Amino acid sequence: MSLETTYDRAGLLAEIRSGFTLDWHGIHGAHHWGRVRYHARALAVLRGADTLVVELFAFLHDSQRHDDYADRLHGERGAEYARALQGRFFGLGTRQLAQLTHAIQHHSGGEVSTDATIQCCWDADRLDLGRVGIRPHARFLSTHGAERIANAYEWSVGTPRAQPARPR
Ligand SMILES: [Fe+2]
């Protein structure tokens with residue numbers, strides 16, 4: 001069964017977008033979420049982690065940001081938001097919801113996790129740091145995550161945001 005049929009992706013994205021207050025195409029917006037989703041799902045398959053949880057992380061982890069800077073509490077707000085959406089757009093088991101909310105709440109703290117699903121989420125987010133001029137460091141990634149640094153970095157810095165269009 002594909003992920004598309006296990007939860008209401010279109011409904012969830014519409015809900016997130018309706019409440020998102022930052023630039024949808026900005027450094028913490030949809031393009032970033034798309035790359036995080038790509039990395040997270042690929043890593044989850046490699047590691048036998050939970051592909052639904054990591055996909056939900058990609059869409060939700062930065063959705064409650066109030067600014068594009070540190071915004072220290074955005075992880076906490078994101079986790080709370082995920083709990084509020086449970087049962088509306090997705091129906092996670094107790095363990096899955098705990099993994100998702102933990103991953104969201106602590107994603108910017110620089111921690112590493114022995115839980116493969118949680119670390120897949122954090123790997124994926126960190127692999128996209130090139131968009132803000134930071135090269136991901138293997139120390140904060142799983143072995144599988146670290147193997148993707150070079151490709152992920154190239155992708156992240158090649159975004160339109162990082163390379164503004166030349167004036168015509
Ligand atoms: Fe992020």
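**View A. Helix H2 against helix H6 in a predicted model.** Helix H2 (residues 30-47) packs on H6 at an angle of about 145°, with the two axes 8 Å apart. Axes are lines fitted to C-alpha atoms, for helices over the stretch in contact, and angles run from 0 to 180 degrees between N-to-C directions. On the H2 side, Val 36, His 39, Ala 40, Leu 43, Ala 44 and Arg 47 take part. They meet Ala 116, Thr 117, Cys 120, Cys 121, Asp 123, Ala 124 and Asp 125 of H6. Contact requires C-beta atoms, placed from the backbone, within 7 Å of each other. By class, the residues of the contact of H2 with H6 are eight nonpolar, two polar and three charged. Nonpolar covers Ala, Val, Leu, Ile, Met, Phe, Trp, Tyr, Cys and Pro; charged covers Asp, Glu, Lys and Arg; the others, Gly among them, are polar. H2 passes H6 in a right-handed crossing. A crossing is right-handed if the near helix is turned clockwise from the far one by less than a right angle, and left-handed if anticlockwise.

The model is predicted: local features need pLDDT of at least 70, side-chain atom pairs count only at pLDDT 80 or more, and totals for chains, interfaces and linings use all residues. Residues are numbered from 1 along each chain as its sequence is written.

**View B. The covered helix H6.** How many residues of H6 are buried? The count is 11 of its 11 residues. Buried means 20 or more other C-beta atoms within 10 Å of the residue's own, exposed means 12 or fewer, and partly exposed lies in between, with C-beta atoms placed from the backbone. Among the buried residues of H6 are Ile 118, Gln 119, Trp 122 and Arg 126. The cover over H6 includes H2, H3, H5 and H7. Helices are DSSP runs of H or I with at least four residues, strands are runs of E with at least two, and both are numbered from the N terminus.

**View C. H3 against H6.** H3 and H6 pack at an angle of about 35°, and their axes are 9 Å apart. Their crossing is right-handed. Val 53, Val 54, Phe 57 and Ala 58 of H3 meet Thr 117, Cys 120, Cys 121 and Ala 124 of H6. The contact of H3 with H6 has seven nonpolar residues, one polar and no charged ones.

**View D. H5 against H6.** The angle between H5 and H6 is about 35°, with an axis separation of 9 Å. H5 passes H6 in a right-handed crossing. H5 contributes Gln 99, His 102 and Ala 103; H6 contributes Thr 117, Ile 118, Cys 121 and Trp 122.

**View E. Helix H5 along its length.** H5 (residues 94-105) has 12 residues. From first C-alpha to last, H5 reaches 16 Å, close to the 16 Å expected at 1.5 Å a residue. The expected span is 1.5 Å times one less than the number of residues. Gln 99, Leu 100, Thr 101, Ala 103 and Ile 104 are buried in H5. The buried residues of H5 pack against H3, H4 and helix H6 (116-126).

**View F. Leu 3 and its contacts.** Leu 3 lies in the segment before helix H1 (9-19). Which residues does Leu 3 contact, leaving aside neighbours within four places in sequence? They are Thr 51, Leu 52 and Glu 55. Leu 3 and Leu 52 are 49 residues apart in sequence, yet 6.5 Å apart in space, C-alpha to C-alpha. Leu 3 is partly exposed, with 14 other C-beta atoms within 10 Å.

**View G. Phe 140 in its loop.** Phe 140 sits in the loop between H6 and helix H7 (143-146). Gly 110, Val 112 and Arg 126 touch Phe 140, not counting residues up to four places away in sequence. Phe 140 counts as partly exposed because it has 18 C-beta neighbours inside 10 Å.

**View H. Asp 71 and its backbone.** Asp 71 is in the loop between helix H3 (51-60) and helix H4 (74-85). Its phi is near 35°, a positive value in a residue other than glycine. Asp 71 is partly exposed, with 16 other C-beta atoms within 10 Å.

Notes. Contact = placed C-beta atoms within 7 Å.
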